[in-house]
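Subject: The structure you asked to look at

Hi,

Here is the structure for you to open on your screen. Have a look around it, and then read on for my notes.

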Amino acid sequence: MTHTFLVEIGLEEIPAHVVTPSAQQLTERVSSFLREKRLSFENIETFSTPRRLAVKVLNLADQQANIEEEAKGPAKKIAQDAEGNWSKAAIGFSRGQGMTPADIFFKELKGVEYAYVNKFIAGKKAFEVLSDIKTAITSMVFPTMMRWGSNDFKFVRPLKWIVALLDDEVIPFNILDVKTANISQGHRFLGKSVTLKNAADYPEALLPEYVIADSQVRKNLIVQQIKDMATKNDWQIIVDDDLLEEVNNLVEYPTVFAGNFDYKYLEIPDEVLITSMKDHQRFFYVQDKAGKLLPNFVSVRNGVADNIDTVIAGNEKVLTARLEDAAFFFHEDQKNSIADYVEHLKKVMFHDKIGTTFEKMQRVQLLSELLANYLEFDEEHKSDLKRAAQIYKFDLVTGMVGEFSELQGVMGEKYALLMGEKAEVATAIKEHYMPISADGELPKTAVGALLAVADKLDSISAFFAAGMIPTGSNDPYALRRQAAGIARIVMAQGWSLSAVQLFEIVEKNATKNPELYQKIMPNETETEVTSFIVERIKKILEAQNYNFDVIETVTAERKNGFKEMIDAAEILKNHSGDEDFKETVEATTRVLRLAKKADLPADFKLNSELFENNAERVFSSKVAEIERKSFYNAEEIFQQLRTMRSVINAYFDETMVMAKDENIRNNRLQQLSLYAEFAYKLGDLTKLNVK
């Protein structure tokens, strides 16, 4: 015999973004509870609306599974004395198992006899066990939690009712003063209370009271209504998945409707209109078949179609007020010049420990110039980059961005074009914010990409120099995201840049322009900054499922470029199955381990006259041959290591590196160091596991 078990938690409205993860959490906690209590079941169905979280357990066992096992106790020599009397340990063991010493028997385990009892625990009825389901509810955690009344108990929102039904029987328990019952609630305005005769009746019993408890059914209904409306009006209604999820979690009984706004507002940039509709009002925006924005919007009402005209009028009124503000700012902002806005930035603090936004722009302009020279940008790109860096934050002090902060960069591009800037400059202003999320879109233009790198690099170095370094999960200035952005942009552009090179450019800029770095000189932060950036490369490689030892190997050398690190990981992975892979790595690591012992001056010169055998001469000749080629890709580096394997083995067969004569010893360490410098281009192979 099996049962259907229902738990429904009624609440004040839950924030939309919390509904889905909360429903999933309830399912997981109920599932864990049942497994811990040895109550088998077939499946759990999950339900959620803004006012309820519920689970329905199908084919729940009638009772717990019985426990039949041998419980092991103390060794026989401890359980009994020489006369065969039971010790306190044996008595305590048997009592702890709910038995007496008479139930003890002995079995040998690895040559030692131990006391055992046959333990049998009869499973309890499901009804009895489920009275503890309260713990699965009260242990739930949420991003924000509330207390109400004079209670210490915290939950996502105040509890209003609890349904707990095993078939047709109420499972009795209470949380605070809310007792379980078989009574649920319908739609707040359209429905009334619902007496559930049986758990199996859920969620169908709520439908007459205008509640669709199954979130997927609700979402499908919204999508179908939108499709029908688009077909009827020959529209394209842009359904963003995140917005659909949010809207779905705001309603219990959805009715889709459309509204309009005045054509005059279409002169405002599309991004402003879409932001007003999508982000501020949770409306879906509408395009014609050619992709041109139309003066219409689509929204979802929490209820039926009665008096829908009044609802539409109210939504149109709210949106129109928003668009009036946008139109005002759009026209007012164009009354000032870019130079006016840049001048205003001199009074805007980027951070009180770092300086103004204008000072940041000055640092970034100079950083961009140094990076452009290093990457050998042509003169046109350098000119565009210089102009973009001079003005790229100007839109922060416009009225539009003050009202719609999410449009920073976007409005910078729009206004720059309207005020006569080159398209390349305007695009770079928008792109310097990219990526805006971990997997966000990257800049497409080289100028925008370099400006984005320079801006993020300045932020990271400045905050580290000011002592505001992310710790644990605390990263209020999103420096990890910015570091990941630098790595992703550099790799996407195919630039050969490393964390060490980037930091050296910051140091060079600070040395040449100390007046811009008065509070944030990067003197002693190289290790922290470069390691912080390389840590993002590790995360990228982890996401691509490279082995831990490969990741540690290729990221060990912070002076290696980001792209080179990724390429090295792929090469090591591809060759790991080669027949001679282990021998190649082991030969190289012999060199690396000894080279690490070298403590020689930077200007130490190799002296071929100190060579004592032919293996030294061959080794040195091969290294010199390698050095004559200025660039190797990861595959070429590995092939050189493979070729050098026999040379290295012969070298060590004939040569004692740590010779007693200091001059000979240092000369040999220098030989190895020169080769190690080449091998390190692939990473520190001593960290690679080839056993």
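Let's begin with a pair of helices. This is a predicted model, and in it the axes of helix α8 (residues 270–280) and helix α9 (residues 308–333) come within 10 Å and cross at roughly 140°. The crossing of α8 past α9 is right-handed. On the α8 side, the contact is made by V272, L273, S276, M277 and H280, and on the α9 side by L319, R322, L323 and A326. Sorted by class, the residues of this contact are six nonpolar, two polar and one charged.

In case you wonder about the two numbers I quote, packed helices are described by the angle between their axes and by the distance between those axes.

Helix α19 (residues 526–543) and helix α21 (residues 562–575) have axes that come within 11 Å and cross at roughly 35°. Here too the crossing, α19 past α21, is right-handed. I533, V534, I537, I540 and L541 are the α19 residues that meet F562, M565, I566 and A569 in α21. The classes in this contact are nine nonpolar, no polar and no charged.

Next, the aromatic rings. The structure holds 21 aromatic pairs. One of them joins F105 and Y116, which are stacked, with 6.1 Å from centre to centre and 20° between the planes. F105 belongs to strand β5 (residues 105–109) and Y116 to strand β6 (residues 112–121), so this pair ties together parts that are 11 residues apart in sequence. F105 counts as partly exposed because its relative accessibility is 25%, while Y116, at 8%, is buried.

How do the rings of Y210 and Y253 sit relative to each other? Their centres are 5.3 Å apart and their planes are at 85°, so the pair is edge-to-face. This pair links distant parts of the chain, 43 residues apart: Y210 is in the loop between β12 (193–195) and α6 (215–233), and Y253 is in the loop between α7 (241–248) and β14 (254–260). Y210 is partly exposed at 29% relative accessibility, and Y253 is partly exposed as well, at 24%.

Aromatic rings also gather in a group: F619, Y632, Y651, F652, Y675 and F678 form one cluster. Elsewhere, arginines lie over ring faces. R363 is over the face of Y517, at 5.8 Å from the ring centre, and R536 is over the face of F532, at 5.9 Å from the ring centre.

Finally, some details of the backbone. The peptide bond from Y202 to P203 is cis, with omega near 10°, and P203 is in the loop between β12 and α6. Another cis peptide bond runs from M434 to P435, with omega near -10°. You will find P435 in the loop between α15 (423–431) and α16 (446–465).

Where does D167 lie? Look in the loop between β7 (159–166) and β8 (169–170). Is D167 buried or exposed? With a relative accessibility of 17%, D167 counts as buried, because the cut-off for buried is under 20%.

Happy exploring, and write back with any questions!

Best wishes

Conventions
Residues are numbered from 1 along each chain as its sequence is written. This is a predicted model: local features need pLDDT of at least 70, side-chain atom pairs count only at pLDDT 80 or more; totals for chains, interfaces and linings use all residues. Side-chain values use heavy atoms; hydrogens and water are left out. Axes are lines fitted to C-alpha atoms, for helices over the stretch in contact, and angles run from 0 to 180 degrees between N-to-C directions. Helices (H or I, at least four residues) and strands (E, at least two) are DSSP runs, numbered from the N terminus. A crossing is left-handed if the near helix is turned anticlockwise from the far one by less than a right angle, and right-handed if clockwise. Contact means heavy atoms within 4.5 Å. Ala, Val, Leu, Ile, Met, Phe, Trp, Tyr, Cys and Pro count as nonpolar, Asp, Glu, Lys and Arg as charged, and the others, Gly among them, as polar. Rings of Phe, Tyr and Trp (its six-membered ring) pair if their centres lie within 6.5 Å; planes under 30 degrees apart count as stacked, over 60 as edge-to-face and the rest as tilted. Buried means under 20% relative accessible area, exposed over 50%, partly exposed in between (1.4 Å probe, protein chains only). A charge sits over a ring if NZ of Lys or CZ of Arg is within 6 Å of the ring centre and within 35 degrees of the ring normal.
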